[in-house]
Amino acid sequence: MKDWKVLLVDDEKEFVVTIAERLGMRGIITETVFEGEGAFKKLETFEPDVMVLDLMMPGMSGLTVLEKVKKLYPKIEVILLTGIGSTPEGLTGMRLGAFDYLMKPLQIDELIQKIGMAINKRSSAT
Amino acid sequence: MRSIKGLIEDLLSIPEERSTPERYRIVGRNIAILMLTTTLVPLALMTAINYYEYKAALRNEIQAPMKTLVNKAKHSFELFLAGRLSTVNFIASAYTFEELADEKNLNRIFRVLKKEFEGFVDIGLIDSKGTQISYAGPYELQGKDYADQAWFEQVRVNGVYISDVFKGYRKFPHLAIAVQHISTDGREWIVRATINTAKLDDLIASMGLDSESDAFVINRQGVFQTKSKFYGDVLDKCPVTIPTRSFEPTVIERVDPLGRDIFLGYVYFNQNDFIFAFIKHKSDVLKVWYTLRADLLIVFVIGLTVIILGVLKLTSIMMKRMKESDDRRTMALREVEHSHKLSSIGRLAAGVAHEVNNPLAVINEKAGLMQDVIQYNPDFPDRERFLNLVKAIIQSVERCRTITHRLLGFARRMDVEVQLLDVNEVLRETLGFLEKEALYRNVKLDLDLLKNLPQIKSDRGQLQQVFLNILNNAMFAIGDGGTIAISSFERDSEMIGVTIKDTGHGMSEETLKHVFEPFFTTKKSGQGTGLGLSITYGIVKRLGGDIEVQSKPGIGTFFTVYLPKQTPAQSGV
């Protein structure tokens, strides 16, 4: 898990900050951003292996961010966070290039497992 | 005119504002009245027209031959009298006074007369002073003086005289014919003959009348000149009065002195003061008419009965159809309304679920972080206790997650969606809603689901609603401590079935009959809408399935839902 770099993008600050702290406690390098546009600013200085992206955000929506990321930074794997019962949106995201999607509230171990799988995919591709 | 129009409009209008049963009663009554009017009026008119036409035709048929007969009889009588008159006239003219005054001559003439013409009784020569000069016949009348008798005066004035029938001293009915002759030298004499009127009776007898008919001749004073079969003998007064003079044969209807309805045909003689009368009894001649009238009445009554029964039956069928169609429409409307309502509730539930979900995720992560902090710090005070507390929080979050899941599931049910699904799973999911209540009320949920039950193509949300409605009713019926047994099975290659059996209070036969009707409920006001089972029924039917219910008061209720493995394409779900 060392050297894994993850960018968390979610407007729910309390949620995203807590997740970041929990991932950090497990040795994962984590950065947080609270809205879509901010993510691209952050990407100029911080290039993560995986982006964990909430679909429901004010301003730029998760799916727009995803499309743009996949276009500008095709190497970054994106894991989507969806609300309950938002399976169709999750599937749409996967068609647009997301690695997988998880439903909130989530299990930290499941998230870490997905991040690991995404990083594996990324390294096997390179 | 306007009132009739108003009446028709009233009959055609449907009173929307009235209560439903009364409305159907009024509409049914109006339709029946309209149909009866439009069918019975022509029938009654036709019967009445037929009645009067037949009556007129029949009367004409009776009267025309009567008139002919009366006319013929009159001619026979007139011919008879004219023949006798001209014979007497011939004798008066052909012989001189002296020839006729000679009794030998007169007897010879009389013998020829009797031989050639029937009915002559005697003949005599009377001079201008009224004295009978000579006489041939069975009586001793020579020298008789007729100067004072009225007929003598009349024959001298008119030249001719035919008497009414009389008996005189001959003691049998006869009539006298007298003819005056004035010779070229101014000498005047009268030949007078009497004729036996039995000949007149013969003429009537020769008409061949039936036993119920009568014919006779009367004079203008109403005295019989011939005998009548029913009303009297010759020279009796005729009890039937003959109306005003008519030389044309006439037939009238009246009641005779014996109280019988009769047709009276009569005609006045042109040359004499006689009237010929012909009588037929109505009851006799109208037998055909009475039969016809009875037939007409029977046809009318049968027609009337058939029409009334037909109209009533038709109206009742129409009303039933109308009520059924109205009920279907009302039910469809209620169903739409209900599903809109549910749809709104569904959207609300979905919104709530989403909104609750985010703080729930935060709580989950905070608790997770707390867990991490404790776990990563072996020296954390009261470590185990805090770990347990955090675990409890995370478990509660999980429970909340399940609840929001269900809310969303409920919301999704509003969208019609056919998919391949496992009915056992749908049943378990539905029972999830009731588990807590069942637990609190100590209700036993007994599941006997068929393993490897084939998956079916149907609508998950609609099915959940079906099962939930039945289960809710079962929960209501059993009270605390009862049992609800649920089982699934495969009926045949096309259908599967689900049974839901409760140990509740059951339903009476009467309740069972109405159980699927909308707005039918046995629950107290406010406890139920009466829509649940009607919607259930509608959904099952739409899904191409069927629903059956058996129930016994005090024992429980047993619902069986059959569902097709393939939802029919035309079901619209």
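In what order do the five strands of the open sheet in chain B stand? The order is β11-β13-β14-β16-β15 (chain B), and the pairing is mixed. Two strands count as paired if DSSP finds at least two bridges between them. Helices (H or I, at least four residues) and strands (E, at least two) are DSSP runs, numbered from the N terminus.

This is a predicted model, in which local features need pLDDT of at least 70, side-chain atom pairs count only at pLDDT 80 or more, and totals for chains, interfaces and linings use all residues. Residues are numbered from 1 along each chain as its sequence is written, while chains are lettered from A and ligands numbered from 1 in the order in which they are written.

**The sheet in chain B**

Because β11 (444-448) and β15 (546-552) of chain B each have a single partner strand, they stand at the edges, and one side of each is left without a neighbour in the sheet. From one strand to the next, the twist averages 15°. Strand β13 (residues 483-490) of chain B runs parallel to β11(B), and five bridges join them. Within β13(B), B:Ser487 is the residue opposite B:Asp448.

Axes are lines fitted to C-alpha atoms, for helices over the stretch in contact, and angles run from 0 to 180 degrees between N-to-C directions.

| Helix (chain B) | Strands touched (chain B) | Angle between directions |
|---|---|---|
| α10 (residues 423-440) | β11, β13, β14 and β16 (556-564) | about 175° with β13(B) |
| α11 (residues 460-478) | β13, β14 and β16 | about 20° with β14(B) |

**A buried residue of chain B**

B:Asn364 belongs to helix α8 (residues 287-376) of chain B. B:Asn364 counts as buried because it has 25 C-beta neighbours inside 10 Å; the cut-offs are 20 or more other C-beta atoms within 10 Å for buried, 12 or fewer for exposed, and partly exposed in between, with C-beta atoms placed from the backbone. Beyond its neighbours within four places in sequence, B:Asn364 is in contact with A:Pro105, B:Ile394 and B:Val397. B:Ile394 is 30 residues from B:Asn364 along the chain, with 6.0 Å between their C-alpha atoms.

**Chain A and confidence**

Chain A has five helices and five strands, in the sequence pattern β-α-β-α-β-α-β-α-β-α. Buried residues make up 40% of its 126.

Chain B has an average pLDDT (the predictor's confidence in each residue, from 0 to 100) of 84, and 90% of the residues score at least 70. For the complex, the predictor gives an ipTM of 0.87 and a pTM of 0.45.

Note on methods. Contact = placed C-beta atoms within 7 Å.
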